[in-house]
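Reader: Can you walk me through this one? I have the coordinates open and would like the main points before I set anything up.

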Amino acid sequence: MSVPYAGSFRSASFDAEASQPRLALAVTAMFALLLLVALGPYASADTVPSAGGGSLLRQLSYGMVFIAAVTAIRVTHYPRRLLAIPVGVALTLGWCWFSLTWALDPSAAVRRITLTTLVIWTIFIAVQQLGYQKTVSVMRRALLLVLIANYCAVITWPSFGIHQVAQFGDPGLVGNWRGILMQKNFAGAICAFTIIAYAFDARGIRPILRWAVIAATAYFLYMTSSKTSIRLTALALGAGYLYSLYNPRYLLPLICGTTMLSIVLLALGVSYWEELLAPFERQEALTGRGGIWSVLLSYAKDHWLLGAGYGSFWNIGPVGPVYRYANDWVVEVGNGHNGYLDLLVQIGVPGLMLAIATLIVWPILKLAAGTATRTRGSMLMAFMLFCAGHNMTESSLLDRDSIVQVFLVLTIALIGMETSPQPESPSLSHEVRHG
């Protein structure tokens, strides 16, 4: 079970030739990337979404972060360190790049897949250099900084930190907190990751600080009214706790049970699709997701093999397929509010299956195999399940620098580091592992 994630995940921080300045550069690159993820949407706020335009500032910013990460690993001396992306993830990205050959809007698609690849590559390079513990430490500090900035925005500049105007499809948006984030759902996702990061594998943090951060974040999450993030946070915390009790001997029965349950749910979904979709058909119900999903499924039925090409369904102007399959409010939405369906209409069934296998299923199986410590595995499993569940009602899977997508990739990189046969430090040999 090691082929898709073959390659060395050993941290360069324990390489005899690694210098403190280069580690500091890697820390800076990771910290800058996480802050860009939170503030990145502002860099492209002046772009007309439906036209498929890009933001030069956004692209240059991530380009500079990538250069910093590459410099930190001394790529001129060790070019193999550039091969940090796991084979499975690389294959998924390769399919997305291949889909440009049939993409409806190649220019927009190239910009989008380039940014997606750049962000993913930067994360794996930086995590490889920093190692597990330093990466998590940087992540927690960045999340804490965003939390403080969010409260400052709400308290000192409420006209900005609190939604004042309803958006299309979300009339109840007014009064919801967003802090420095562009939208309350972004703030909700950031809050969810902050709670999980401080709830698990945080024994080195003073309890009073740890629980103060969790309480403050939970209150901010509540004030965002981000229903998806609120519900999934509770589920993710529960899953993380259950993982701390998990025994790898349950892996085979767990796989068999999950497979059987999936088959049953799929059969019920096919048989009662109309009934299941009915509650979501109204525009005011979950942003009318049922109406959006119907359009996506109609297109997927006609283009199930290849799709429209990566980045070539939404926000590409009048050539977009959505204009041929809908003529109402759906054309103004901008995304499918379901990461799996959005990938389906872009890269077809083969691409979707490859993405799910390498980005969701395989990392979870790596954790279920029991090679991770209980404390670290609990946090990583909670992250994975939150990201997987979040894409059921929101779209972020393989979507450039979206918050949930970035944390999904970061989690995959940390799983690779944690389940690597080479320990990061001698102290790991003293931790209680599964079995």
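**Helices, core and charged pairs**

Author: Helix α13 is mostly covered, with 21 of its 30 residues buried. Keep in mind that this is a predicted model.

Reader: Where is the kink in α13, and about what angle?

Author: The kink is at Ile347, about 125°, shortly before the proline Pro350.

Reader: What about Gln346, buried or exposed?

Author: Gln346, also in α13, has 13% relative accessibility, so it counts as buried, the cut-off being under 20%.

Reader: Which residues does Gln346 touch, leaving out those up to four places away in sequence?

Author: Gln346 touches Trp102, and then Leu306, Gly307, Ala308, Gly309, Tyr310, Gly311, Ser312 and Phe313.

Reader: Back up a bit. How many helices and strands are in the chain?

Author: The protein chain has 15 helices and zero strands. It has 435 residues, of which 54% count as buried.

Reader: How many residues are in the largest nonpolar core, and which have the most contacts inside it?

Author: That core has 124 residues. Those with the most contacts inside it are Ile123, Phe124, Met139, Phe193, Leu359, Met379 and Leu398. Helix α4, residues 106–156, supplies the largest share of this core, 22 residues.

Reader: Take Met139. What is it in contact with, leaving aside neighbours within four places in sequence?

Author: Met139 is in contact with Leu34, Ala197, Met379, Phe383, Phe407 and Leu410. Of these partners, Met379 is also listed among the residues with the most contacts inside the core.

Reader: Where is α4 kinked, and what does the helix span?

Author: Helix α4 has a kink of about 115° centred on Gly131. A straight helix of 51 residues would span 75 Å, but α4 spans only 44 Å between its end C-alpha atoms.

Reader: Switching to electrostatics. How many salt bridges are there?

Author: The structure holds three salt bridges. In one of them the side chains of Asp401 and Arg58 meet, at 2.4 Å from N to O. Asp401 lies in the loop between α14 and α15 and Arg58 in helix α2, so the pair ties together parts that are 343 residues apart in sequence.

Reader: Are those two side chains buried or exposed?

Author: Asp401 is buried, with a relative accessible area of 5%. Arg58 counts as buried too, at 14% relative accessibility.

Reader: What about Arg376, which residue does it form a salt bridge with?

Author: Arg376 forms a salt bridge with Glu418, the closest N and O atoms being 3.1 Å apart. This pair links distant parts of the chain, with Arg376 in helix α14 and Glu418 in helix α15, 42 residues apart. Arg376 is buried at a relative accessible area of 7%, and Glu418 is buried at 3%.

Reader: And Asp399, what is its partner?

Author: Asp399 pairs with Arg400, with 3.2 Å between the closest N and O atoms. Asp399 is partly exposed, with a relative accessible area of 25%. Arg400 also counts as partly exposed, at 23% relative accessibility.

Reader: Last one. Where does Arg81 lie, and is it buried or exposed?

Author: Arg81 lies in the loop between α2 and α3. At 17% relative accessibility, Arg81 counts as buried.

Methods: Residues are numbered from 1 along each chain as its sequence is written. This is a predicted model: local features need pLDDT of at least 70, side-chain atom pairs count only at pLDDT 80 or more; totals for chains, interfaces and linings use all residues. Side-chain values use heavy atoms; hydrogens and water are left out. A nonpolar core is a set of buried Ala, Val, Leu, Ile, Met, Phe, Trp, Tyr and Cys residues joined through side-chain atoms within 4.5 Å. Buried means under 20% relative accessible area, exposed over 50%, partly exposed in between (1.4 Å probe, protein chains only). Helices (H or I, at least four residues) and strands (E, at least two) are DSSP runs, numbered from the N terminus. Contact means heavy atoms within 4.5 Å. A salt bridge is a side-chain nitrogen of Lys or Arg within 4 Å of a carboxyl oxygen of Asp or Glu. The expected span of a helix is 1.5 Å times one less than its number of residues. The bend at a residue is the angle between axes fitted to the seven residues ending there and the seven starting there.
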